[in-house]
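Welcome! Let us take a walk through this structure together, one region at a time.

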Amino acid sequence: MEIIFSGIQPSGSLTLGNYLGALKNFIPFQDTAECYYCIVNQHAITMPQPSNLLHERTRNLAALYIAAGLDPKKATIFVQSEVPEHALLGWMMICSAYVGEMERMTQYKSKAQKAEKKEGFIPLGLLTYPPLMAADILLYQATLVPVGEDQTQHMEITRDLAERFNRKYGEVFTLPKMWSPEGGARVMSLQEPTSKMSKSDDNEWATIHMLDTADVIVKKIKRAVTDSLGHVHYDKENQPGVSNLMSIHAAISGKTFEEIEKMYEGQGYGVFKKDVADLVVEEMTPVLQRYEELTGSPELDEILDEGAAKAHEKAKVTYDKAIHAMGLYRK
Ligand code: AMP
Ligand code: TRP
């Protein structure tokens, strides 16, 4: 049986990109595999977070996991900082990593640049982020990790670190594979469709948030940047805006780009945009409803307590093997 692990940072309000690129794809695995879905709050603090917000967003993200369709009876849902082995194995992974390979990570380079501009310094945690992510995954002997394609480099380094450890200290870790949705499902900014839709975009028109109301979603899609060519055609280079809307359509409707092109042949962007907006609204409305029921309910804490206990059971077995392999123990 496959073992699945994935996580999302509670570092802002989740976007349609997080949903289509990651969260939505977590759901089907719970019926066929052993699943661990984590709220990676220790990754979130690699960038400064207001403490009250971090606390709130951690709970909210858990509620969103469940609202999107994760079933705590089938999948283990938990908060990273509540299973201490993440940080402990994370340190061992940091000590197995090289500064050079960390400095080459594209996410590090872009986040470091942003941090330096905004804060005037580069938090060291940004550099050691990938070994902590490796620890997350390796603790559960995960075989498959569903993530958006922007995580490719992090998955490669996870495998490298696991292989390096196994070679040096003996076979402890399973080498995990990355799983990404067909076509990559990379959702781009609605205003600057050549860059990724992101939680932290300053332009509110660029990003659809999972908790946006139907009204707001419709308005944002109406305003999305397109082009003057006037035909619905998938061409990321010359029509990045339209191609992005087509990807969103495809990810929800299940249609191919060819089918979508045919559907809107001879029509302008108006009808197409309206249909994309309808699809997104239809998909997100029930999620928003369930989310509102769950936040603030004591049920959420029960689920997370149970999740942390279950995750801990599994994590401590691997952690024990790892410290024995490395000699990091006394008795
Ligand atoms: P993050 O927001 O960096 O915590 O990402 C959480 C998950 O969402 C990861 O699996 C990312 O690959 C995925 N993700 C984030 N933004 C996008 C996007 N714009 N399109 C597709 N997937 C995304
Ligand atoms: N780095 C991931 C992101 O930014 C979040 C993450 C942390 C993660 N640990 C993980 C994803 C383990 C999958 C598995 O999206």
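Predicted model: local features only at pLDDT ≥ 70, side-chain atom pairs only at ≥ 80, totals over all residues.

In total, 13 residues surround ligand 2, and the closest are Gln9, Tyr129, Met133, Asp136 and Gln151. Some of these reach the ligand through polar atoms. A polar side-chain atom of Tyr129 sits 2.6 Å from a nitrogen atom of ligand 2. In the side chain of Asp136, an N or O atom is 2.7 Å from a nitrogen atom of the ligand, and for the side chain of Gln151 the corresponding distance to a nitrogen atom of ligand 2 is 3.0 Å. On its own, ligand 2 has 360 Å² of accessible area, and the protein covers 91% of it. Two elements give two or more residues to this shell: strand E1 (3–8) and helix H8 (129–139). Sorted by class, the shell has seven nonpolar, five polar and one charged residues.

Now turn to ligand 1. Here 16 residues form the surroundings, with Asn18, Gly148, Asp150, Val187 and Lys199 the closest. Helix H1 (residues 16–26) gives the most to this shell, four residues. From Gly17, a polar backbone atom lies 3.1 Å from a nitrogen atom of ligand 1. An N or O atom in the side chain of Asp150 is 2.3 Å from an oxygen atom of the ligand, and a polar side-chain atom of Lys199 is 2.9 Å from an oxygen atom of ligand 1. Taken alone, ligand 1 exposes 480 Å², of which the protein buries 92%. Its shell divides into six nonpolar, six polar and four charged residues.

Next come the aromatic rings. The structure holds 11 aromatic pairs. One of them, Phe5 with Tyr140, is stacked, with 5.2 Å between centres and 20° between the planes. Phe5 belongs to strand E1 and Tyr140 to the loop between H8 and strand E4 (144–146), so this pair ties together parts that are 135 residues apart in sequence. Phe5 counts as buried at 3% relative accessibility, and Tyr140 counts as buried at 0%. Tyr140 also pairs with Phe78: their ring centres are 5.8 Å apart and the planes meet at 50°, so this pair is tilted. Phe78 is in strand E3 (residues 75–79), 62 residues from Tyr140, and the pair links distant parts of the chain. Together, Phe5, Tyr36, Phe78 and Tyr140 form one aromatic cluster.

Finally, look at two arginines. Arg164 lies over the face of Tyr98, 3.8 Å from the ring centre, while Arg223 lies over the face of Trp205, at 3.7 Å from the ring centre.

Notes:
Residues numbered from 1 in each chain as written. Chains lettered and ligands numbered in written order. Heavy atoms only, no water. Near = heavy atom within 4 Å. Polar contact = N/O pair within 3.5 Å; in protein donor to acceptor, adjacent residues only side chain to side chain. Areas by Shrake-Rupley, 256 points an atom, 1.4 Å probe, with all protein chains shown as cover. Nonpolar A, V, L, I, M, F, W, Y, C, P; charged D, E, K, R; others polar. Phe/Tyr/Trp six-rings, centres within 6.5 Å; stacked < 30°, edge-to-face > 60°. Buried < 20%, exposed > 50% of the residue type's maximum accessible area, 1.4 Å probe, protein only. Lys NZ or Arg CZ within 6 Å of the ring centre and 35° of its normal.
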